[in-house]
Amino acid sequence: MTAMHTKTIAQLSAALHSGEVSSVELTTLFLERIKQHNPALNCFITMTEAQALAAAAAADQRLKAGDAAPLTGVPIAHKDIFCTAGVKTTCASKMLDNFIAPYESTCTAKFVEAGAVMLGKTNMDEFAMGSSNETSYYGAVKNPWDLERVPGGSSGGSVSAVAARLAPAATGTDTGGSIRQPAALCGLTGLKPTYGRVSRFGMIAFASSLDQAGPITYSAEDAALLMNVMAGFDERDSTSVDCEVPDYSANLDNSIEGLKIGLPKEYFDDGLDDRVARVIDAAVKEYEALGAVVKEISLPNTALAVPTYYVVAPAECSTNLSRFDGVRFGHRCDDPQDLFDLYTRSRGEGFGAEVKRRIMVGTYVLSAGYYDAYYLKAQKIRRLISDDFRAAFETVDVIMGPTAPTTAFKLGEKADDPVTMYLSDIYTISVNMAGLPAASIPAGFADGLPVGLQLIGNYFDESRLLNVAHKYQQATDWHLQVPAAFK
Amino acid sequence: MSVDQSDITKVALLARLKIDEADVPQYVENLSNILGLVEQMSEVDTDNVVPMAHPLDAAQRLRADEVTEVDQRERFQALAPQIESGLYLVPKVIE
C-alpha cells in the first residue's frame, strides 16, 4: 500500500489486476484521505462512502473472476453536474440542494459499467458558471498548492481533489475552459474533447452548444484510459456525433518527429504573465528537442472570443435555466402568493449572484429587438473564430500556447469584478466556440504555482493530442509533482 | 452600451427573477460592463458570414416515432415540492 494515493490510474489498474491491492483497500484509502483533507479544501459536496465500498467489493469480484475492464475497481470522483441515480446532484446550487437525481447520466453510467468506483461528487462553480470555484453555494474550493488561492473553475472541486491525491482521477465539464483552466492552475492533465464526442445526456446543461465533458488526470496516459470509457455516440444526446471511437491508448507512443506545432501570436500578447510565458517557452523548446517543428501562426479573431462567448453562453444559460420554476423539482419559496410570485421568488432565492447575472445578460440579449444585434451577430463571429482554426490546421498539426494568462490567483481577488474574471478564460474560450478538442498539461512552475500548456487539436484528433502530451510527459515529470502538504 | 434601472427591472421580469431593490444598482453596473465588453462585436463586419449554430454544422438527427420512454410519474413526482393525486400543485391561476 506504499503511496498508492500518488500512483497513476495506469499503475493502479495494474496493481488491481495483479492482486497487489484490492479495490476495497484502495477505495478505503481514498475515502480516508477525503475525510482527512476535505475540511481544508472543500472539494467534495457529497461523499458516497457506502455506495463506493459496495461498488469496490463488486469490482473485486469482477477482478477475481477475470471479467475486469481497465478501470474496474479504480476509484474516481465525478463533478456534481452529472446526474447520478439515487445520489444528491446539486450543480453547486441552492436550487438543487434537495435534488436526488432520478436517473444516471450516460457519462457516469459508462464508468459504472466499466467497474470504476465513485468516491463522491465534487464541488464546482454554481451551474458551472465561474473561473475560480468561488460561486458555489457550498463555498469556495482551495488550491492544494496554496490554500489561499483558487483552484480555477468551474471544475474546481475535481482538480483540487485530484491534485491533493484524494482521488486518482475525476470527471469535469468544459464550456469556456472549465476543465483546462483549473487543470492548469492545479498542475494536472485535463482534456476537453471535440463537441459531441462525449454524451451530454444527464449532464446539467449550462450552454448547450459549448458544453463538453472530459477527464482530469495526472497523465495523458490516464486521460486516454478515461476517454476509452467516456467517448462515444449516444442517441439520447441530440448533438452527440456518430463516428468511430478509436482506442485512445493505442497511439500514445507514436513518434512526434516532424510534428508541426503552431504558436498563435495572439496567445503571447501583453496580457500574458512573463513568468508563465517563460515556462511555456521552455515547454515549446522541449518539443523542439523531441523533433517537433515550431512556427508562428495567427488566429486573428482571438480577441473576439470572450465578448462573443458572453453573448452565446448567457443566452443559452438563460434558456436552459428557465426549467427551474419551483414546480417540478428544486427549490420552491415558502407561501407563494400567486404563480408569478412562485416563479420569481423560487428563482431569486435558489440562484446565486453570478448565475442571476448571466440569466439577466442572456435574457437581455435575447429580448425582442436585440436578437440580431447580439445572438445572431455572435453566431456569425463564432464562424470567423472557427474559420481561423480551420485555416491554421491547413499548415500545422497541433496549436500550442498557455492555458491561462496567469497562475492561480488569490481567493477573492477577482470575485467582485465579473469582466476581469471572464478575461482569465481568454485562451480557452475560442476552442469551445469552434468545438475543437484541447488539453492542458503541466509544464512547470512559476513561483511555486503550476503552469499549464494548452494543446489544441483538429476535430476528433484527441488521439493525437494525447500522443503529443504523452511524449512530453515521458521526457518531463511536471505531471507527477505533488503539493507538499498532500504527499 | 449601458443599461439603466428600468432595463434591469424589465429584464428581471422577463427572466422571472426576483431581485432586491437594493441590488439593482449593482446589476446596472455589472450588466453595463458586460455589455460594454460584448460591444467589441459590433466593430466586425459580418455581412456575408453564415451564422454558426453547431460547431460541426450538424443538422438535427431524426428518429423513428416510437415509444422509448416508460411512465415514471411517481418516481419523478417524488422530487416535486408539492403534489396531490398525481398533479403538481401551484397557486390558483384561474378564479
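## Surface patch on chain B

A residue is termed partly exposed when its relative accessible area falls between the buried class, under 20%, and the exposed class, over 50%. I83(B) counts as partly exposed because its relative accessibility is 39%. The model described here is predicted.

I83(B) belongs to strand β1 of chain B, which covers residues 83-84. Together with F76(B) and Y88(B), I83(B) forms a nonpolar patch on the surface, and the three residues have about 240 Å² of accessible area together.

The structure contains 2 cavities of 30 Å³ or more. The largest cavity holds about 60 Å³ of space. Its lining comprises 13 residues, and those nearest the centre are A128(A), G130(A), S178(A), Y309(A) and D425(A). Sorted by class, this lining of the largest cavity consists of 5 nonpolar, 6 polar and 2 charged residues.

The second largest cavity has a volume of about 30 Å³. Its lining includes A184(A), L185(A), V276(A), T403(A) and P450(A). Of the contributing elements, β11(A) gives the most, with 3 residues. The lining of the second largest cavity divides into 6 nonpolar and 4 polar residues, with no charged residue.

Over all chains, the count of salt bridges comes to 18. One of them joins E49(A) to K35(A), with the closest N and O atoms 2.9 Å apart. This pair links distant parts of the chain, since E49(A) lies in helix α3 (residues 49-65) and K35(A) in helix α2 (residues 23-41) of chain A, 14 residues apart.

E49(A) is partly exposed because its relative accessibility is 29%. K35(A) is likewise classed as partly exposed, because its relative accessible area is 38%. E32(A), K35(A) and E49(A) are linked in a network of salt bridges.

E354(A) forms a salt bridge with R357(A), the closest N and O atoms being separated by 2.6 Å. Both residues of this pair lie in helix α11 (residues 353-366) of chain A, 3 residues apart, about one turn of the helix. E354(A) is buried because its relative accessible area is 8%, and R357(A) is buried because its relative accessible area is 12%.

E354(A) also forms a salt bridge with R358(A), where the closest N and O atoms are 2.7 Å apart. R358(A) and E354(A) are both in helix α11 of chain A, with a separation of 4 residues, about one turn of the helix. Both R358(A) and E354(A) are buried.

How values were computed:
Residues are numbered from 1 along each chain as its sequence is written. Chains are lettered from A and ligands numbered from 1 in the order in which they are written. This is a predicted model: local features need pLDDT of at least 70, side-chain atom pairs count only at pLDDT 80 or more; totals for chains, interfaces and linings use all residues. Side-chain values use heavy atoms; hydrogens and water are left out. Patches are made of residues with over 30% relative accessible area and no salt bridge: like charges are joined within 9 Å, nonpolar side chains (Val, Leu, Ile, Met, Phe, Trp, Tyr) within 5 Å. Accessible areas come from the Shrake-Rupley method with a 1.4 Å probe; for residues, only the protein chains shown count as cover. A salt bridge is a side-chain nitrogen of Lys or Arg within 4 Å of a carboxyl oxygen of Asp or Glu. Helices (H or I, at least four residues) and strands (E, at least two) are DSSP runs, numbered from the N terminus. Buried means under 20% relative accessible area, exposed over 50%, partly exposed in between (1.4 Å probe, protein chains only). On a 1 Å grid over the protein atoms alone, a cavity is a set of points where a 1.4 Å probe fits but cannot get out, and a pocket is an open set with protein on both sides within 12 Å along at least five of seven lines; lining residues have an atom within 4 Å of a point. Grid points are joined across faces, edges and corners, and a volume is the space filled by probe spheres set on the points. Ala, Val, Leu, Ile, Met, Phe, Trp, Tyr, Cys and Pro count as nonpolar, Asp, Glu, Lys and Arg as charged, and the others, Gly among them, as polar.
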